[in-house]
Structures are given as C-alpha cells and as structure tokens.
Amino acid sequence: MSQTDVKVSAQPGVPDARGTVPPPQSRGNRLYALDALRVIAALSVLMFHFTGVDAATKANWGVNPKALFPSIFPYTSYGSYGVQLFFIISGFVICLSAWNRTPGQFVQARFLRLFPAYWFSVVVAVLVWRALPDGARKAPSVSESLTNLTMFQVPLSARHLVGAYWTLWVELTFYMIFLVVLWKGLDYVRVSVFCWLWLLASILVQQEHVPLLGVFAQPLNTALFVSGIAMYLMYRFGPDLKLWGLLGASWLVMQSDLVQHADHLRHDKGMDRQPYVALALVTVFYLLVLAVALHKLDRIGWKWLSTAGALVYPLYLLHEELGWAMIRTLYGHVGAWPTLGITTVALIVLAWLVHRFVEKPTQRWLRGRLDQEARRRTAAAEG
C-alpha cells in the first residue's frame with residue numbers, strides 16, 4: 001500500500017488521444033472517494049491481523065481471537081481482502097498519476113512516495129524485533145534487516161521484517177511493468193493494448209511454468225491492477241464497449257484465481273471463511289471503484305478524507321509487528337477490547353506523526369536535492 005496521489009490529471013474541455021473530451025473533474029480536483037476506500041482497506045487489513053486470523057494472532061493474544069472477539073471475527077476474518085481493494089485502487093491511481101509524466105518523473109515520484117516512510121518503518125521493525133520479541137520466532141539477521149531497506153527482499157531471498165511488506169514487492173513489479181508502456185507515452189490505445197497483453201501473459205505463463213515471468217504476471221494481482229487501469233480509462237475517456245470487455249475479462253480472471261486461493265486457505269490452512277463470500281466482497285470493491293470511475297461519487301468532498309488517506313501508507317507499514325508487540329504488552333493488564341482500542345488509536349496517532357514529521361519533510365528535502373542536481377546536470381550539458 002503505497003501512498004499515491006489521487007488528484008485528477010485529465011484536462012476538461014480538451015480533446016484526448018481518442019478524439020473525445022474528458023468528463024468534468026471531481027470536486028476540489030481530488031478524488032476523495034478513493035481516499036475513503038483506501039482508509040477502509042487499511043483498517044480492514046489491520047483488523048484482520050489483530051482479530052481475524054487464528055494461528056498468527058494466537059501467539060500474540062495467547063488465546064484464539066475467535067474466542068476473544070466472537071462478535072466481529074466472522075467479519076474481520078475477511079479483512080485480508082482489503083489488499084485486493086488496494087491493488088484495484090493502485091491500478092487506477094498509478095495510471096492517473098503517470099499520465100503526462102516522463103519515465104524519469106514517474107520513477108522519482110514513486111521513489112519519494114514509497115521509501116521515506118518505508119525506511120522509517122524498517123528501523124521501527126528492527127527495534128521491535130530486538131526490544132520486544134514475541135519469543136516464538138527467531139529475529140531476522142542483521143543482513144536480512146539491511147536487505148529490507150532495498151524493498152527487494154523477495155528476489156534477494158531475504159525474510160520480510162514485517163509480513164505486510166510482501167505487497168510492496170507486488171506494487172514494485174507493477175511499477176516496473178507500467179514503466180515499459182510509459183516509456184512510449186500514455187494514450188488510450190497503448191494502455192488498453194498493454195492491459196490485454198499483460199492479462200493474457202498472466203494466464204499463459206502459469207501453464208508454461210516460467211518462474212521469472214510468473215513474478216511479473218500473477219493472474220490474481222495482474223487482474224486487479226488491470227481492472228483499476230480499465231476503470232481509470234473509463235474515468236478519463238468515458239466508458240465504451242472495449243473497456244467494458246477489458247474490465248469483464250479481468251474480473252473473470254480474478255474470480256478464478258481468488259476462489260482457488262480461498263479454497264486452498266480453507267482446506268489446507270484451516271481459515272474459517274467461504275470462497276464465494278470472499279468473491280462477493282471483492283466484487284463489491286470493483287463496484288465501488290467503478291462508481292468513482294463513472295463519476296457517481298463526485299459529490300463526496302469531505303476534506304478530512306485527504307488527511308486520512310495520507311495516513312494509510314504509514315499505518316499499513318507500522319501496524320503489524322509494532323501492533324502485535326503492543327498487544328502482547330497490554331492484554332494481560334487491561335483485557336482484550338481495551339487493548340485492541342488502545343493499540344489501534346496509538347497506531348493511527350503514530351501514523352500521523354510519521355506522515356507529518358518524517359514522511360513530508362524527507363520527501364521535501366529529497367525532492368529539492370534531486371531537482372537541484374537535475375538543474376546542475378542540465379546546465380553542465382548546455383555549457
């Protein structure tokens with residue numbers, strides 16, 4: 001869950017690459033509805049980790065959370081599907097933010113969004129592992145901790161300091177793939193053709209068992225990203241039959257892999273949730289983002305959602321290991337529900353502090369330095 005811009009980049013009244021005029025922009029030049037959906041996704045994942053999964057949380061609570069939170073467990077056990085909502089939104093927003101940008105501008109923007117808060121979270125995770133270990137797992141080595149600073153721990157075969165980091169590698173592969181189409185410039189035809197080719201590749205490479213290509217073209221994740229891109233194209237250019245076909249095809253690929261994966265979790269991992277309930281939930285996510293794409297939620301203009309949306313990325317990065325450490329410390333003293341409430345509120349406050357005093361100042365400093373160095377290189381080249 002990278003923090004991403006959700007400002008509108010379409011130019012109303014100006015014909016686009018397809019010869020049509022983009023629809024009016026949403027209120028305040030910002031898609032507040034997407035901020036709201038990102039908040040929902042982040043809180044869903046947080047509640048899943050703390051109250052909705054049996055094995056991983058039992059070691060931290062000391063009791064199966066199904067017994068501690070019987071009233072919410074049937075719902076929070078599906079909270080992990082907030083990740084699927086994140087991926088749909090990511091397809092939409094990355095396409096939006098990359099439009100009319102050069103590859104260099106895109107790479108710089110993604111770097112500044114991802115790494116300042118991420119590096120801080122790595123430091124926090126190392127401190128938690130060393131100072132507040134859970135006693136059941138071996139702490140990552142110094143080398144693994146340093147490798148995590150790269151965000152490339154998956155291809156480098158290093159352990160994640162925080163379990164939630166796995167999604168960041170998925171996001172990075174999406175950025176690298178999208179950079180290819182951005183290299184030639186974004187327009188309706190290039191982006192839609194790219195989506196069809198990527199979706200088809202994600203299906204074919206599974207049959208051919210091509211490990212490298214499989215990393216960049218996993219059916220479920222690819223279908224989610226492609227769905228978000230298709231909905232952004234609808235948002236920018238208006239819906240047409242080709243885009244409905246692309247969205248429908250991506251949903252069909254998604255549902256196949258999602259149901260198979262959910263079946264595996266239920267039968268082999270013992271997770272207490274139904275595959276078709278999961279599919280219905282993710283389909284609702286599709287419909288919500290589609291409502292944004294079709295300008296059905298343009299009336300949502302609560303400015304506080306912008307601030308809340310800005311906290312999503314640091315909250316996602318920090319909540320898991322630090323939250324579990326807080327749960328292990330507090331539960332024996334104050335009980336289950338107060339522990340859950342205190343931990344959640346504390347993490348949200350910490351996310352705001354990180355955004356305000358770490359993320360924004362670091363982004364500002366790095367952007368200034370990078371821009372200064374770019375001007376120096378330009379001056380040297382012209383001289």
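Predicted model: local features only at pLDDT ≥ 70, side-chain atom pairs only at ≥ 80, totals over all residues.
Of the 383 residues of this protein, 51% count as buried. As to secondary structure, the protein has 16 helices and zero strands. If we take the contacts between residues at least 6 apart in sequence, 74% of them join residues at least 24 apart.

Let me turn to helix packing. Two packed helices are described by the angle between their axes and the distance between the axes.

The crossing itself is right-handed. Which residues of α5 and α13 make the contact? From α5 they are Gly 82, Gln 84, Leu 85, Ile 88, Ile 89 and Phe 92. From α13 they are Val 282, Phe 285, Tyr 286, Val 289, Val 292 and Ala 293. Divided by class, this contact of α5 with α13 has 10 nonpolar residues, two polar and no charged.

The other pair is helix α8, residues 166-183, with helix α11, residues 219-237. Here the axes lie 11 Å apart, and the packing angle is about 55°. The helices α8 and α11 are therefore oblique to each other. The crossing of α8 and α11 is again a right-handed one. On the α8 side, the contact is made by Val 170, Glu 171, Phe 174 and Phe 178. On the α11 side, Asn 221, Phe 225 and Ile 229 take part. By class, the contact of α8 with α11 comprises five nonpolar residues, one polar and one charged.

Is Cys 95 buried or exposed? Its relative accessibility is 0%, so Cys 95 counts as buried. Leaving aside neighbours within four places in sequence, Cys 95 is in contact with Ser 90, Phe 178, Leu 186, Val 191, Ile 229 and Tyr 232. Among these, Phe 178 and Ile 229 also belong to the contact between α8 and α11. Cys 95 and Leu 182 are 87 residues apart along the chain, yet their C-alpha atoms are separated by 9.4 Å.

Two further residues deserve a word. Asn 148 is placed in helix α7, which covers residues 142-148. With a relative accessibility of 0%, Asn 148 counts as buried, because the limit for that class is under 20%. What does Asn 148 touch, not counting residues up to four places away in sequence? The residues are Tyr 118, Val 122, Gln 153, Arg 159, His 160, Leu 161 and Tyr 165.

Ala 136, in turn, has its place in the loop between α6, residues 103-131, and α7. At 58% relative accessibility, Ala 136 counts as exposed, the limit for that class being over 50%. The C-alpha atoms of Ala 136 and Asn 60 are separated by 9.4 Å, although the two residues stand 76 residues apart along the chain.

Terms used. Residues numbered from 1 in each chain as written. Heavy atoms only, no water. Axes fitted to C-alpha atoms, helices over the stretch in contact; angles between N-to-C directions. Helix = DSSP H or I, 4+ residues; strand = E, 2+ residues; numbered from the N terminus. Parallel < 35°, antiparallel > 145°, perpendicular 65-115°, else oblique. Left-handed = near helix turned anticlockwise from the far one by under 90°. Contact = heavy atoms within 4.5 Å. Nonpolar A, V, L, I, M, F, W, Y, C, P; charged D, E, K, R; others polar. Buried < 20%, exposed > 50% of the residue type's maximum accessible area, 1.4 Å probe, protein only.
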